[in-house]
Amino acid sequence: MDAIKNLLTRNSISKLTEPYPSMDEMKLVYKAALRAPDHAWLRPSEFIEVTGKGLDKLSKIFTDYIKDTNDDLNDLIIQKYKNAPYRAPMIIVLITNIKEHPKVPALEQMLSTATAAQNILLALNALNYGAIWRTGKVSLNNEISKYFNLDKNSKILGYIYVGTPSMEPKKIPEINIDDFVTKWK
Ligand SMILES: Cc1cc2nc3c(=O)[nH]c(=O)nc-3n(C[C@H](O)[C@H](O)[C@H](O)COP(=O)(O)O)c2cc1C
């Protein structure tokens, strides 16, 4: 697919089904992810690829986390988190392993993983798969890493749900770039 067309047509897809990308296709996806800008080449980004029985494991992590941390729990909330991972046949967990560096603060390292996430979305679009980046209560906090047996320097930036679209993609809105761009000449 033409590179600019890929950038302009990427569209988050929330309803996803099998098939998910093959191992060889995912190698390309991770290569693209690891070409993200990375100050001082600290390589802070890490991914967990979840499929099959791994989805049950993720479902248990989400359920345990929400039970341990939510004050006004009810069955509906528990079911929501229990079912969440089954919304796609593959999920990529986005992790930043924050390293001490005199010139590269934690935020820059998380931004590097965020750009890796965008590369993942774009690579999947180029391979004609659908994907969506989700966060919710189960990411971007200091507690969730423990449930993955990760240390406290590992931050979970969210989850990319991956598969084959099972819905019509939404219409991409027209955007007037002049509303967002100022030119200094
Ligand atoms: C960091 C981040 C977290 C997000 N978390 C969620 C989420 O938890 N649930 C959700 O439905 N969309 C979430 N989104 C939005 C979708 O990924 C997507 O961007 C949105 O549906 C708009 O679609 P588009 O990307 O095709 O414009 C998140 C986006 C970002 C960048």
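The notes below follow the order in which I looked things up.

**Overall fold.** I note at the outset that this is a predicted model. I began with the secondary structure, which comes to six helices and five strands, and I read the order of elements from the N terminus as α-β-α-β-α-α-β-α-β-α-β. For the overall dimensions I took the C-alpha atoms along the principal axes, where they fill a box of roughly 55 × 45 × 35 Å. I then checked the radius of gyration, which is 18 Å for the protein, and this agrees with the value near 16 Å that a compact globule of 185 residues would have. Of the 185 residues, 27% count as buried. Among contacts with a separation of 6 or more, I found that 78% are made by residues 24 or more positions apart.

**Strand pairing.** Which strands pair with S5, and in what sense? I found that strand S1 (residues 16-17) pairs with S5 in the antiparallel sense over two bridges, and that Leu16 has Pro165 as its bridge partner in S5. S3 also runs antiparallel to S5, and eight bridges join the two; here Ile91 stands opposite Tyr161. S4 is joined to S5 by five bridges, again in the antiparallel sense, with Trp133 opposite Ile160. I also looked at burial along S5, where nine of the twelve residues are buried, so this strand is largely enclosed by the rest of the structure.

**Nonpolar core.** I turned next to the largest nonpolar core, which has 35 residues, and I listed Ile91, Leu94, Ile120, Ile160 and Val162 as those with the most contacts inside it. The elements that give two or more residues to this core are helix H2 (23-33), helix H3 (53-69), strand S3 (90-97), helix H5 (106-126) and strand S5 (154-165).

**Ligand shell.** Which residues surround the ligand? I listed Asn11, Ser12, Ile132, Trp133, Arg134, Thr135, Gly136 and Gly158. Strand S4 (residues 130-134) gives the most to this shell, with three residues. Sorted by class, the shell has two nonpolar, five polar and one charged residues. I noted that Trp133, listed in the shell, is also the residue that stands opposite Ile160 in S5.

**Backbone details.** I found a cis peptide bond between Glu18 and Pro19, with omega about 0°, and I placed Pro19 in the loop between S1 and H2. Trp41 has a phi near 50°, a positive value in a residue other than glycine, and it lies in the loop between H2 and strand S2 (45-51). Is Trp41 buried or exposed? I counted 8 other C-beta atoms within 10 Å, so Trp41 is exposed. Arg43 is not a glycine either, yet has a positive phi of about 50°, and I found Arg43 in the loop between H2 and S2. With 12 other C-beta atoms within 10 Å, Arg43 is exposed, because the exposed class takes in residues with 12 or fewer.

Definitions and conventions: Residues are numbered from 1 along each chain as its sequence is written. This is a predicted model: local features need pLDDT of at least 70, side-chain atom pairs count only at pLDDT 80 or more; totals for chains, interfaces and linings use all residues. A residue is near a molecule or strand if its C-beta atom, placed from the backbone, lies within 6 Å of it. Helices (H or I, at least four residues) and strands (E, at least two) are DSSP runs, numbered from the N terminus. Ala, Val, Leu, Ile, Met, Phe, Trp, Tyr, Cys and Pro count as nonpolar, Asp, Glu, Lys and Arg as charged, and the others, Gly among them, as polar. A nonpolar core is a set of buried Ala, Val, Leu, Ile, Met, Phe, Trp, Tyr and Cys residues joined through C-beta atoms within 7 Å. A residue is buried if 20 or more other C-beta atoms lie within 10 Å of its own, exposed if 12 or fewer, and partly exposed in between; C-beta atoms are placed from the backbone. Two strands pair if DSSP finds at least two bridges between them. The radius of gyration is taken over C-alpha atoms; the globule rule is 2.2 Å times the number of residues to the power 0.38. Two residues are in contact if their C-beta atoms, placed from the backbone, lie within 7 Å.
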